[in-house]
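Subject: Structure for you to look at

Hi,

Here is the structure I promised to pass on. Please open it next to this message, so that you can follow along as you read.

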Amino acid sequence: MLAPDPKVVRELLTRYATLRIAQAERFSPAAERELEDVGHTLVAMTGAAGVHEAIALADALLDQARRAPGRAPGAEGESGLSLAV
C-alpha cells in the first residue's frame, strides 16, 4: 500500500482542526459539509474505519515522516506539535 504524501496529510489535518474550531465557535451548515468531506478524505487516505482513527493514523504518519533518515529537524515548517483532534 502506498503511503500518503505527508504534505497532503498535514494540510488535511490542519483543515480538519480549523473547521472543528470554527464549528465550535459558530455552527455553519457549509462548514459542517466541508468538515465531513475532509473527514471522509482522511478516512479514505489512511484506510481507517472512522475519522478519529484516521486522525491518529495521519498523526502517526507525520511523526514517522519527521523521523525519516536524511530529514532535517523542523523541515517544512513543522513545529513538532501533534495535530490530532
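Predicted model: local features only at pLDDT ≥ 70, side-chain atom pairs only at ≥ 80, totals over all residues.

Let me start with α1, which covers residues 6-25. This helix has 20 residues and reaches 29 Å from its first C-alpha to its last, close to the 28 Å expected at 1.5 Å a residue. Its buried residues are V9, R10, L12, L13, Y16, A17, L19 and Q23, and they pack against α2 and α3.

Next, the pairing of α1 with α2 (29-46). Their axes come within 9 Å and cross at roughly 150°, which makes α1 roughly antiparallel to α2. The crossing of these two helices is left-handed. If you want to select the contact, take V8, V9, L12, L13, R15, Y16, L19, R20 and Q23 from α1, which meet A31, E32, E34, L35, V38, G39, T41, L42 and M45 from α2.

Now for α3, residues 51-66. With 16 residues, α3 reaches 22 Å from its first C-alpha to its last, close to the 22 Å expected at 1.5 Å a residue. Buried in α3 are A54, I55, A58, D59, L61, L62 and A65. Seen down the axis of α3, these buried residues fall within an arc of 155°, so they line one face of the helix. On the other side of α3, H52 and Q64 are exposed. And what covers the buried residues of α3? The cover includes both α1 and α2.

That leaves the packing of α1 with α3. Here the angle is about 135°, and the axes are 10 Å apart. The two helices are therefore oblique to each other, and α1 passes α3 in a left-handed crossing. On the α1 side, the contact is made by P6, V9, R10, L13, Y16 and R20. On the α3 side, it is made by V51, H52, I55, A58, D59, L61, L62 and A65.

Best wishes

Technical notes: Residues numbered from 1 in each chain as written. Heavy atoms only, no water. Helix = DSSP H or I, 4+ residues; strand = E, 2+ residues; numbered from the N terminus. Expected span 1.5 Å × (residues − 1). Buried < 20%, exposed > 50% of the residue type's maximum accessible area, 1.4 Å probe, protein only. Arc of directions from axis to C-beta. Contact = heavy atoms within 4.5 Å. Axes fitted to C-alpha atoms, helices over the stretch in contact; angles between N-to-C directions. Parallel < 35°, antiparallel > 145°, perpendicular 65-115°, else oblique. Left-handed = near helix turned anticlockwise from the far one by under 90°.
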